[in-house]
Amino acid sequence: MLNVARTAVRTLTNEGLPLVLTTALRQTRPVADQAALSRTERVANVKGALTAAHPLDGARVIVVDDIVTTGATLTEAVCTLHRAGAHVLAAATIAATTRTT
């Protein structure tokens with residue numbers, strides 16, 4: 001995933017957008033594999049599992065993730081970034097699953 005983000009930043013910077021790649025989040029505890037978890041279980045699984053890696057006061061952020069299934073991880077990431085003072089502008093993902101319920 002980091003290579004995808006690096007490529008995107010390099011490409012957009014070459015197009016004149018002043019971007020900086022940073023790892024803004026850290027995992028604070030292990031989480032279970034989410035493949036077999038329901039949406040409710042996924043939310044509980046990632047709740048409180050992230051922290052900001054450094055102060056983000058006023059930073060404008062785009063969250064990058066590999067896949068969106070229920071959105072639980074993205075939601076937790078965005079909430080954590082907001083608490084750290086960031087303004088989340090968007091989320092970019094490689095893939096999304098089809099919602100079945």
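Let me begin with a question: which residues form a nonpolar patch on the surface? The model before you is a predicted one. In it, the patch is made up of Met 1, Val 4, Ile 62, Val 64, Leu 89 and Ile 94. Together, these residues have about 530 Å² of accessible area.

Where does the patch lie in the fold? Strand 3, residues 60-68, contributes at least two of its residues, and so does strand 4, residues 87-96. Ile 62, for example, is found in strand 3.

Let us now turn to the protein as a whole. It contains three helices and four strands. Read from the N terminus on, the order of these elements is α-β-α-β-β-α-β. The C-alpha trace spans about 40 × 30 × 20 Å along its principal axes.

My last topic is helix packing. In general, a pair of packed helices is described by the angle between their axes and the distance between the axes. Here, helix 2, residues 39-46, packs against helix 3, residues 72-83, at an angle of about 35 degrees. The axes of helix 2 and helix 3 are 9 Å apart, and the crossing of these helices is right-handed.

Which residues meet in this contact? From helix 2 come Arg 39, Arg 42, Val 43 and Val 46, and from helix 3 come Ala 72, Thr 73 and Glu 76.

How values were computed
Residues are numbered from 1 along each chain as its sequence is written. This is a predicted model: local features need pLDDT of at least 70, side-chain atom pairs count only at pLDDT 80 or more; totals for chains, interfaces and linings use all residues. Side-chain values use heavy atoms; hydrogens and water are left out. Axes are lines fitted to C-alpha atoms, for helices over the stretch in contact, and angles run from 0 to 180 degrees between N-to-C directions. A crossing is left-handed if the near helix is turned anticlockwise from the far one by less than a right angle, and right-handed if clockwise. Contact means heavy atoms within 4.5 Å. Patches are made of residues with over 30% relative accessible area and no salt bridge: like charges are joined within 9 Å, nonpolar side chains (Val, Leu, Ile, Met, Phe, Trp, Tyr) within 5 Å. Accessible areas come from the Shrake-Rupley method with a 1.4 Å probe; for residues, only the protein chains shown count as cover. A salt bridge is a side-chain nitrogen of Lys or Arg within 4 Å of a carboxyl oxygen of Asp or Glu.
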